[in-house]
Structures are given as structure tokens and as C-alpha cells.
Amino acid sequence: MASRKETFWTAIRPSWGVWGAVLLLTLIGAFFWSAAIITDYRESLLRARAVAADTALLLDEHMRRVVEVTDLILEQEADYLATTELDYPISTSYSAWLRLRERARPLPQVGSLWLIDAKGVVLLGTLRFPIARLEVSDRDYFRLHAQGLASHLGPSLEGRATGARGFTISRRISGPDGSFKGVILAYLPPPLLGEIATLGRGMNTRLAVYRTDGSVIFESPESEQGGHSIAGSALLHDHLPTGLSGTYQETSSRTAGESIISWRHLHDLGLVVVAEIDADLVMAEWRNRFYRNLLLAGLGMTAVLGLAFLTTRGLRRERAAQRALALSHEALAQRSHALNDANLLLTAANMEAQRAQEAKSRFLAAASHDLRQPLQATRLFLDVLMLRQKDEKLREVTERAVEALEGANSLLNTLLDVSTLEAGIVKPEIRDLPVNQILIALARDCAPEAMAVGLRLSMVPCSAVVRSDPVLLQRMVRNLVVNAIRYTGEGRILLGCRRRGDRLSIEVWDTGPGIPEDRLNLIFEDFYQIGNPERDRRKGLGLGLSIVQRTGELLGHRIWVRSRLGKGSAFGVVVPVVGEAPLFSAVIPQHEAALD
């Protein structure tokens with residue numbers, strides 16, 4: 001027995017260093033294993049928050065598209081009905097019903113249109129013909145329109161004709177004298193969520209849209225409160241005032257546990273979209289990985305201890321070294337394969353991006369010709385029709401059609417300009433040019449438009465020769481002048497230049513209402529307009545300054561703006577000066593006498 005003890009201690013005494021190394025490796029392994037578990041926990045939570053945020057973003061875009069398209073249809077129909085008698089005969093007109101059904105066809109989801117007279121009686125509905133007598137004068141939207149509200153987005157309610165829940169978008173119908181004639185209403189069921197709902201599949205996702213007063217537009221699935229208002233919730237009181245979007249966690253009565261809630265504020269529509277994910281379900285997968293890794297770590301630790309014990313008995317150290325070397329070679333091979341795979345993926349992605357760019361270029365080239373040609377042909381036909389039309393009412397309708405066609409053509413040209421700039425199709429042709437040529441051309445072209453609205457357009461000649469693309473530079477300055485004409489109510493507009501060392505600032509000054517300082521950066525964003533809440537297309541689309549900024553970045557020209565409320569605004573394009581050119585006089589037509 002004594003000899004056995006001596007043999008055992010004799011065997012392990014030289015291996016105290018091995019056991020110390022095992023203990024050190026165990027501590028290091030525990031540290032890194034804990035760090036990996038914590039990192040995995042945080043990444044799982046971040047992925048869930050990202051899924052919630054992406055779902056809320058998709059729901060935001062979906063609702064915005066539904067509301068804007070539906071409101072546009074209602075606006076057009078309200079304009080048409082403004083000169084139509086809304087009385088009993090129209091409720092029995094099959095042709096009027098067919099026309100209303102045709103107008104309902106472009107609705108972004110399966111919905112219905114309803115025509116209501118000034119007394120709250122439903123005259124027509126696209127679901128059936130004829131419709132039984134139905135009154136809605138007690139509905140909130142009807143009372144609000146009767147009081148003068150132009151458009152309304154209503155909360156979830158049960159339809160009296162359908163018996164199903166949905167939400168409403170409606171528009172007031174006003175007569176030529178502004179009197180209340182009735183309401184045109186779109187009744188929409190809860191959105192067909194489709195791909196939006198599948199984004200958070202397996203996470204017990206709830207999607208909802210609320211008005212900013214807390215009333216429910218829709219919930220999917222419906223909450224325990226059954227569509228009740230959330231006016232007193234933390235979302236509206238604590239989170240909504242902090243910005244336009246956000247994600248937070250709170251204890252949910254729906255899941256009886258923690259939920260991840262992502263929200264987005266559609267400020268211009270007065271809506272809040274919400275995507276809620278069950279945090280416990282998200283973390284259940286992490287817990288499974290934790291227990292599995294814990295078991296594997298225990299098994300690994302047992303294996304390490306066993307190996308250390310066997311090592312103390314003098315087992316084959318060379319074989320251990322060979323195994324370590326083999327593992328090292330295997331890891332190196334795996335890393336090499338992973339690097340090759342990553343290179344292949346990167347090459348494929350670059351090729352795909354190049355194909356997408358080429359496809360976009362082909363589309364823009366086709367759109368520029370194929371879309372503009374029918375619009376130009378339609379304008380010619382309308383001009384011929386106007387010349388031959390003797391009936392004043394039909395002539396007025398033709399003039400409105402011409403105005404609508406010009407608006408569509410302007411919209412198409414603007415959107416194509418933005419697309420070509422983003423796609424990188426426009427290639428500047430830089431050369432030296434006298435800047436006075438551009439000033440005279442713009443003064444000639446824009447003077448009639450300025451005089452038509454009672455403004456005085458003045459131009460100060462300049463002898464500088466600058467280096468730029470003449471077409472793109474003239475388009476930039478034209479956009480600034482046209483923008484000044486649209487937003488200046490009275491006074492004058494000045495077009496001129498100012499030297500700044502080896503640079504020339506081409507400037508447009510106006511006496512308009514001015515721009516608040518906190519919005520000077522926002523005016524260069526797409527579709528952003530100040531002083532045009534009704535989205536009057538005569539004031540443009542809010543893309544002019546965006547195009548100016550994109551073109552400036554393409555040419556390397558700095559754009560600046562200064563403004564004082566109540567005094568006016570000044571915009572400038574800074575270009576390099578390369579020389580001087582003699583000034584020459586230009587013959588100015590009689591209607592341009594306002595030019596200095």
C-alpha cells in the first residue's frame with residue numbers, strides 16, 4: 001500500500017506545472033466563455049430590436065402609401081363632385097354607381113367608396129346598387145366636414161353597411177361658392193400585412209397603428225382592450241415627444257412578460273405605427289444556446305481534466321503536440337476557405353451592383369423618351385382641341401386638362417432629373433464660359449413669370465469667365481430663380497454675382513417671407529417645402545433645391561443660403577473664376593422692361 005502511494009505521488013509530483021496550466025486555462029476559458037455568452041445575449045436583443053424597427057418602418061411606408069393614394073383619389077373625386085348635384089336622382093343612377101366603382105378600383109387595398117349628401121344620407125356605395133337608406137350624420141367625420149374640415153383620417157369603427165371593422169379616410173365636397181355639399185369617404189379594412197407580418201415570424205409580433213390622440217386605426221392581433229384608446233399609455237406620454245421614432249422595452253399585459261416595442265411617428269399624417277415583439281420568445285433561443293454551451297463547456301472541462309491527469313502519468317506528449325499542430329492546420333485551412341468564400345461573395349455582389357446600375361441607366365434612357373413623347377403628343381392634341389372648341393365650359397375643361405398635363409410633365413421631368421443625378425448618368429462637360437450669357441438668358445426666360453405674379457426681376461451684368469458645365473450651371477441658377485418667384489409674395493428678385501477671391505458667387509436675392517434658421521438645412525431634402533401645407537403643385541414638388549444640391553456636388557460647386565424672417569432670402573452658387581470677358585448689350589423685349 002505504501003509503495004502504491006509513493007508511486008502515485010511520484011507520478012504526479014513532476015506535473016504540478018501541468019495542473020497550474022490547466023487551472024489557468026480554465027479561468028481564461030471561463031472568462032472568454034462568459035464574454036461570448038454576454039455578447040450573444042446582447043446581439044440577440046439587438047437583432048430583435050432591429051427586426052422590430054424594420055417591421056415598424058415597413059408598416060410606416062405601407063400606411064403612408066395607403067393614406068396618400070387614397071386621399072389623392074378622394075381629392076380628385078371631391079373636385080369632380082363639386083359641380084355635380086348631390087340629390088336623390090344620383091342615388092338611382094347606375095352610370096354614376098359604375099363610375100364610383102371605377103374610381104374605387106385603384107384603392108391600395110380592398111376598400112369601398114361612399115358618397116354622402118349634406119344631410120348625412122348615403123347616396124351611393126360601391127359594395128352594392130342600389131343601397132338601402134342609410135344615415136351617418138352622427139359620425140364624427142361627417143360633423144367635422146360639415147364644420148369645414150377638408151380631409152379626415154378616422155379611427156377604427158364598425159361599418160353600418162358592412163358590419164366589419166375598418167378605418168375611414170374622407171374629404172369634404174364643397175360647392176363653387178364654398179358651401180358644404182357632402183362627403184366622399186373611403187372605408188378601408190385593416191391592411192393586408194403580408195410580408196410585413198412575416199418579418200417577425202416566430203416572435204409573437206403585434207402590429208398596430210394609432211392616431212396621435214390615442215384612438216386605434218387597427219391592431220393585429222387585436223389587444224385585450226378590443227381597440228380601446230391608448231391615450232394614457234407611456235408610448236404617447238413618454239416616448240412620442242422624444243422624436244420621430246424609437247425602440248424600448250416594457251412589461252406587456254399581452255405577453256405577461258417583457259416586450260420590445262418599436263414605434264414611428266408619421267407626423268404629417270397624425271399617425272403612430274407600432275411593432276411589438278415578445279422579448280421572452282426572442283431570448284428563449286438564447287437560453288437554449290446558453291444551456292447547450294454550458295453542457296458542452298462542462299464536458300470540455302471534464303475532458304481537459306482527464307487529459308491533464310493522463311498527462312501526469314507520462315502519456316504521449318508528442319502525440320498531444322501533433323494533435324495541437326493538426327488543429328492549427330485545420331483552423332488555418334478553414335480560415336483560408338472562409339476568405340475564399342468571402343472573396344467570391346464580394347465579386348458576385350460587385351457584379352450584381354454593376355448590372356443593377358446598367359439596368360437603371362437603360363430604364364432612365366427609355367423613360368426619358370417613352371414617357372415624354374406621349375405627354376408631348378397629348379399636349380398637341382389638347383392645343384388643337386382648344387382652338388376648335390367654341391363652348392366656353394368645354395374650353396375651360398380643356399384648359400384645366402392642359403394645366404394638369406403640364407403639371408404631370410413637370411413632375412416627370414423633375415423626377416427624371418433626380419433619378420439621373422442619383423444614377424450617375426449625367427457626365428459634366430466642363431469648359432470656360434462667360435457668366436453674363438447665363439444671367440441674360442435666365443433674365444429673359446424668367447421675367448414674364450415674375451411679372452405675371454407682380455414681381456420685379458432685376459439682373460446685374462457680370463464680366464467674369466467661369467469654369468463649369470454651362471447647361472448644368474444654368475439649370476441650377478434657374479431653379480433658384482424659379483423657387484424665389486414661387487415663394488415671394490411681393491417685392492423684387494435680384495440676380496447677380498459677387499467676387500470672393502478666385503471664386504465667383506452667383507446669387508439670387510428675394511424679398512419673400514424668409515426661412516427659419518432651424519430649417520435652412522431641411523430645405524435641401526427631397527419633397528420638403530415651407531409655407532405649402534396644402535401641397536399646391538403650382539409651388540412645385542419640393543425637389544428644386546434638392547436637384548441644385550445634387551448638381552452642385554456633381555460639379556464641385558458649393559451652395560450657400562442666408563435668410564431673415566420677414567426680410568427675404570439669398571441663395572448662391574460658388575464657381576471658380578478663370579478670366580474676364582467684355583460685357584455686351586442684349587435686346588430685351590417690351591414685356592421684360594422690369595430688368596435692370
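The accessible surface of the chain comes to about 34300 Å², and 58% of that area belongs to carbon and sulfur atoms. Areas were computed with the Shrake-Rupley method and a 1.4 Å probe; for residues, only the protein chains shown count as cover. The structure is a predicted model: local features need pLDDT of at least 70, side-chain atom pairs count only at pLDDT 80 or more, and totals for chains, interfaces and linings use all residues. Residues are numbered from 1 along each chain as its sequence is written, and side-chain values use heavy atoms, with hydrogens and water left out.

The chain holds 14 helices and 18 strands. These are DSSP runs numbered from the N terminus (helices: H or I, at least four residues; strands: E, at least two). Of the 596 residues, 37% are buried. Buried means under 20% relative accessible area, exposed means over 50%, and partly exposed lies in between (1.4 Å probe, protein chains only). Contacts require heavy atoms within 4.5 Å. Among contacts with a separation of 6 or more, 64% join residues 24 or more positions apart.

The largest nonpolar core has 40 residues. Such a core is a set of buried Ala, Val, Leu, Ile, Met, Phe, Trp, Tyr and Cys residues joined through side-chain atoms within 4.5 Å. The residues with the most contacts inside this core are Leu 473, Val 477, Leu 495, Leu 504, Ile 506, Val 508 and Phe 571. Elements that give two or more residues to the core include the helices α12 (435-452), α13 (470-487) and α14 (544-555). Helix α12 provides the largest share, nine residues. Beyond its neighbours within four places in sequence, Leu 504 is in contact with residues including Val 435, Cys 462, Val 466, Cys 497, Val 573 and Val 577. A second, separate core has 35 residues, among them Leu 86, Ile 169, Leu 188 and Ile 217.

The loop between β7 (206-211) and β8 (216-220) contains Ser 215. Ser 215 is buried, at 14% relative accessible area. Its side chain makes a polar contact of 2.7 Å with the side chain of Asp 213. A polar contact is a pair of N or O atoms within 3.5 Å; within protein, one must be able to donate a hydrogen and the other to accept it, and residues adjacent in sequence count only if both atoms are side-chain atoms. Leaving aside neighbours within four places in sequence, Ser 215 is in contact with Pro 155, Tyr 210 and Ser 229.

The structure holds 20 salt bridges. Each is a side-chain nitrogen of Lys or Arg within 4 Å of a carboxyl oxygen of Asp or Glu. Arg 99 forms one with Glu 77, the closest N and O atoms being 2.5 Å apart. Arg 99 lies in helix α4 (residues 94-104) and Glu 77 in helix α2, 22 residues apart. Arg 99 is partly exposed at 28%, whereas Glu 77 is buried at 2%. A further salt bridge joins the side chains of Arg 160 and Asp 138 (2.5 Å, N to O). Both residues are in loops, Arg 160 between β4 (157-158) and β5 (165-174), Asp 138 between β2 and α5. Arg 160 is partly exposed at 40%, and Asp 138 is partly exposed at 41%.

Glu 276 forms a salt bridge with Arg 206, with the closest N and O atoms 2.9 Å apart. Glu 276 is in strand β11 (residues 271-278) and Arg 206 in strand β7, so the pair ties together parts 70 residues apart in sequence. Both Glu 276 and Arg 206 are buried.

A network of salt bridges links Asp 60, Arg 64, Glu 68, Arg 264 and Asp 268. Asp 60 lies in helix α2 and is buried at 6% relative accessibility. The side chain of Asp 60 makes a polar contact of 3.0 Å with the side chain of Arg 264.

Leu 24, Leu 25, Ile 28, Phe 31 and Phe 32 make a nonpolar surface patch of about 550 Å². Patches are made of residues with over 30% relative accessible area and no salt bridge; like charges are joined within 9 Å, nonpolar side chains (Val, Leu, Ile, Met, Phe, Trp, Tyr) within 5 Å. Phe 32 is in helix α2 (residues 16-81) and is exposed at 54% relative accessibility.
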